[in-house]
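Take a moment with the sequence and the fold, then read on.

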Amino acid sequence: MKVLLKTDRYLIGRWKDAVYQHVPGLEIVTFPFVGDPSDIEVVIAWEPPQGLLASMPNLKLVISTGAGVDHILKDKTFPRDVPLVRMVDPGLTQGMVEYVVMAALLCSRRMHRAFSAQARKMWEPETVPLAPEVTVGIMGMGVLGRACAGALLGMGYNVIGWSRTPKKFDEVQTFDGIEGLEKFLTRTQILVCLLPLTAETEGILGRGTFNRLPPGAAVINAGRGAHMIEADLLRALDMGKIEVAVLDVFNEEPLPVDNPLWDHPRVFITPHTASVTTPESAIVSVADAIDELRKGLPLSNLVNVELGY
Ligand code: NAP
Ligand code: GLV
């Protein structure tokens with residue numbers, strides 16, 4: 001079985017080693033490859049170029065190295081009859097839990113004020129709310145959202161969640177669909193976006209959403225940049241509607257040097273590193289998918305291409 005690896009260039013060697021070590025009997029080629037596209041049966045991919053997957057007539061499986069698959073489905077020539085599985089990996093989940101807990105603490109402990117005072121060498125004590133006085137609202141109660149909810153509850157935060165379909169959790173009040181969004185937002189003091197990017201969720205972090213949050217709310221976006229309307233966020237920050245934002249993903253990545261978010265005193269920026277897939281742990285999920293394909297078993301973590309996640 002011939003497998004094409006198209007991952008970030010700096011990770012390609014580690015992916016190759018991991019696949020060779022954990023999945024016997026594969027011939028691996030890396031992108032860009034010279035050869036016959038009809039030989040390729042499996043592609044392991046991050047941001048495959050437009051048309052690449054459609055050029056492989058014998059493709060049997062596409063494995064996304066990311067949890068999100070928008071980087072694959074944005075290619076309108078994607079062969080929709082080929083199964084697409086996405087990354088679900090304990091390492092990826094742990095990374096996101098650490099990021100969201102860190103970001104929630106930055107916001108509720110009002111660290112932007114402490115950093116600003118430090119930059120001015122000013123001693124400006126203030127009391128901050130403790131976690132049980134703060135409600136974190138998580139948009140997207142999937143693999144990552146649920147894990148973050150558990151960790152935040154453990155810290156003492158009140159946690160509520162929003163998803164597409166109804167959910168039931170012991171300690172997390174949940175809301176669903178457009179009908180549930182308003183109630184969810186009006187109760188949320190720290191909004192965490194862990195949604196997949198789909199036609200329905202694009203631009204969801206915009207003026208309408210910010211206006212429904214209580215004054216002085218915080219926004220953490222670790223979903224995708226296109227969830228956020230950046231001009232609306234800047235306006236909401238400047239009007240005091242939003243007190244602070246922690247952003248990992250952007251409409252354009254790398255974030256252009258002239259983007260005003262860089263200089264905003266109440267915006268924390270990370271370069272799409274909230275959680276990065278590491279080949280050494282993610283290979284388990286890749287090996288399982290190839291094993292399931294070979295045995296003709298139902299595929300785990302199969303993406304619903306119609307829904308886009
Ligand atoms: P997941 O398990 O597929 O969960 C997605 C959640 O979003 C589900 O709860 C789903 O609702 C909800 N959802 C989808 N469409 C919705 C809609 N229209 N309205 C309301 N809720 C909706 O995905 P995951 O593994 O948790 O990953 C989530 C996203 O995190 C990824 O797609 C990716 O974009 C992002 N991510 C970012 C990084 C980073 O480093 N920044 C790393 C990894 C992942 P249902 O439960 O009802 O289906
Ligand atoms: C990273 O952004 C991912 O989708 O895993």
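Q: How many salt bridges does the structure hold?
A: This is a predicted model, and the count comes from its atoms. A salt bridge here needs a side-chain nitrogen of Lys or Arg within 4 Å of a carboxyl oxygen of Asp or Glu. By that rule the structure holds 13.

Q: Which residue does Asp-39 meet in a salt bridge?
A: Asp-39 sits in the loop between strand S2 (27-30) and strand S3 (40-45). The N to O distance is 3.8 Å. The partner is Lys-2.

Q: What is the N to O distance between the side chains of Arg-224 and Asp-70?
A: These two side chains also meet in a salt bridge. The cut-off is 4 Å. For Arg-224 and Asp-70 the distance is 2.9 Å.

Q: Into which domains is the protein chain divided?
A: One domain is made of two stretches, 2-89 and 277-295; this is domain 1. The other covers 92-269. That one is domain 2.

Q: What area is buried between domain 1 and domain 2?
A: The C-alpha centres of the two domains lie 32 Å apart. The contact takes nine residues from domain 1 and five residues from domain 2. One salt bridge is found across the interface. Carbon and sulfur atoms give 53% of the buried area, which is about 620 Å².

Q: Which residues are closest to the centre of the second largest pocket?
A: This pocket has a volume of about 240 Å³. Its lining has 17 residues. The closest to the centre are Cys-107, Arg-110, Pro-129, Gln-189 and Gly-216.

Q: Where is Pro-254 placed?
A: A cis peptide bond joins Glu-253 and Pro-254, with omega about -5 degrees. Another cis peptide bond joins Phe-31 and Pro-32, where omega is about 0 degrees. Pro-32 lies in the loop between S2 and S3. Pro-254 is in the loop between S11 and strand S12 (267-269).

Q: What is phi of Lys-121 near?
A: Lys-121 is found in the loop between H4 and strand S6 (135-139). Its phi is positive, in a residue other than glycine. The value is near 55 degrees.

Methods. Residues are numbered from 1 along each chain as its sequence is written. Chains are lettered from A and ligands numbered from 1 in the order in which they are written. This is a predicted model: local features need pLDDT of at least 70, side-chain atom pairs count only at pLDDT 80 or more; totals for chains, interfaces and linings use all residues. Side-chain values use heavy atoms; hydrogens and water are left out. On a 1 Å grid over the protein atoms alone, a cavity is a set of points where a 1.4 Å probe fits but cannot get out, and a pocket is an open set with protein on both sides within 12 Å along at least five of seven lines; lining residues have an atom within 4 Å of a point. Grid points are joined across faces, edges and corners, and a volume is the space filled by probe spheres set on the points. Domain bounds come from an automatic or database domain assignment. Contact means heavy atoms within 4.5 Å. Buried area is the accessible area (1.4 Å probe) that two parts lose on being put together, summed over both. Helices (H or I, at least four residues) and strands (E, at least two) are DSSP runs, numbered from the N terminus.
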